[in-house]
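Subject: Structure handover

Hi,

Here is the structure you will be working with. My notes follow below it.

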Amino acid sequence: MMRCSEFIIELDRYNLVEFADNNINDLEILDITFNSIEVSKQTAFFCKGESFKEEYLEDAIKRGAILYISEKKYSVDLPCIIVKDVRRAMLVLASLFFGRPDEKLKIVAVTGTKGKSTTVMFLKHALDKCLVDENKKPVGLISSILTYDGKNSYESSLTTPEAIPLYRNLYNAVQSGLKYMIVEVSSQALKYDRIGMLDCDVVCILNIDRDHISDNEHPTLEDYIESKLKILSLSDNVVYYLDTEYLDKINEIAIARNMQIKTFSIQNEKADYYAVDKGLNNGKTEFSYRGKVYRLNTFGSYNIENAMCTLAVSEIFGFNAEYILEALDGVDVDGRSNLYMTEDGNIIGLVDYAHNELSFEKALSSLRKSFSEYKIYSVFGATGNKAKNRRVDLPRAASKYSDFIAIVPDDPNFEQYEDIAKIMIENIDGVEYKVYNTRKEAIEEIFNSSEDKKVLFLAGKGHEGFQKINGQLIPIQTDAEVFKECAEINNNK
């Protein structure tokens, strides 16, 4: 429970209050939310977002809201605090209301254009193994794949949640006795101030490249880069990829803030954590670090980079390097760089969440290197209503490495799939292609084509078993399920 007067004092500290109703100081707040469905007795309700409707506030009042916090006054009979920036107000009050739980945890925040989800899962798996062996509680996780806070474990709907659910997760972690929390951080979370007050022990930048460029996300590449680099304000320790684009910008900010810097690379021996790619061996990615060979279940040299980032963070926390790297051998990250093949080895499938130019470049170049005798069939689409740059970037990147491109749906949402496909076709350069109505249709047709040795690069959906169409999640078979069905039929011939 917290009194409204404490809210006003905290908001005033950040010069956020425009107006507050009289006689509300003694209101007792039992909970806070921006979702009217979650409102219960004595809840403070935040009116957030460009699409916010007054009917949401009216619903919140019916459910028990006793205060609303907004950038504008509504014609309802409920006390209010009017603020200059409701998103910032949510962050400030979430931190206050949940008792600043980030200060009681060791927190790692990870961002990047590619590899965030894999890296945070690497970190969780490796640190969990160390902690369980010491009879300690596992690591908390907030990611696009899974959220675990000691109290709840569930499949995530956002990469990084809004400030209120984020701080609620951190509070649950503290109450559950967890000591570590790993947070996957999106550019949207950084841009829209969901985590701007998070007290992190280490922040990681895996890479930065062009993505999420659209009117409703990042209007320019500069805006995207600026948003990503905000993560550097959250900690005194940073780990980053020594060969990323915009390295000078990262260095400039890190040095100006007098941060402790650790770097990783598989190309530059000057990196603090340098590994040598040894290639694919019996379906596993091999690399050497300080003279010893280690293995990963996940395909591609880019996942060696993710392993080096994991190692750097682990050593900052005092964990043993060799133990960490050996622990990574058993990690499978569902829908991320999962390699499948028929028994005769002639047909190979790489199921990956790759959905931007950088991830396509890394995955396809690794496939071309590892399977030089095979034809590459790239199966992918581009999402509707966001990241419109992908409709240009993905077919151009795929054209460099593919022998055939299959355009398939990938969450067209409120746009017409045919309109998205048309733009993608215009950006295919000199490669045979075909547009399919479903992902399953494309996979089955390519699988059964006459080519002897072929690789199917199944990109974009990863582990997801749905298509987002007109705001609805329509169930489909996952790419892995379809490939494995085809492989089973092939194996039984």
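What is the volume of the second largest pocket? It is about 460 Å³. First, the ground rules. This is a predicted model: local features need pLDDT of at least 70, side-chain atom pairs count only at pLDDT 80 or more, and totals for chains, interfaces and linings use all residues. Residues are numbered from 1 along each chain as its sequence is written, and side-chain values use heavy atoms, with hydrogens and water left out.

**The pocket**

A pocket is an open set of points on a 1 Å grid over the protein atoms alone, where a 1.4 Å probe fits, with protein on both sides within 12 Å along at least five of seven lines; lining residues have an atom within 4 Å of a point. Points are joined across faces, edges and corners, and the volume is the space filled by probe spheres set on them.

The second largest pocket has 21 lining residues. Phe34, Glu38, Tyr154, Pro161 and Pro165 lie nearest its centre. Strand E4 (31–33), strand E11 (153–155) and helix H5 (163–175) each give two or more residues to this lining. H5 gives the most, with five. (Helices are DSSP runs of H or I, at least four residues; strands are runs of E, at least two; both are numbered from the N terminus.)

Phe34 also has a charge over its ring: Lys48 lies over the face, at 5.0 Å from the ring centre. The test is NZ of Lys or CZ of Arg within 6 Å of the ring centre and within 35 degrees of the ring normal. Arg336 does likewise over Tyr353, at 4.0 Å.

**Aromatic pairs**

There are 19 in the structure. Rings of Phe, Tyr and Trp (its six-membered ring) pair if their centres lie within 6.5 Å; planes under 30 degrees apart are stacked, over 60 edge-to-face, the rest tilted.

Phe97 and Phe98 are edge-to-face, 5.2 Å centre to centre and 90° between the planes. Phe97 is buried at 15% relative accessible area, and Phe98 is buried at 7%. (Buried is under 20%, exposed over 50%, partly exposed in between, with a 1.4 Å probe and protein chains only.)

Tyr180 and Phe317 have ring centres 5.3 Å apart and planes at 75°, so they too are edge-to-face. Tyr180 sits in strand E12 (180–184), and Phe317 in the loop between helix H9 (301–316) and helix H10 (321–327), 137 residues apart. Both are buried.

**One backbone point**

Asn258 has a positive phi of about 60° although it is not a glycine. Asn258 is exposed, at 62%.
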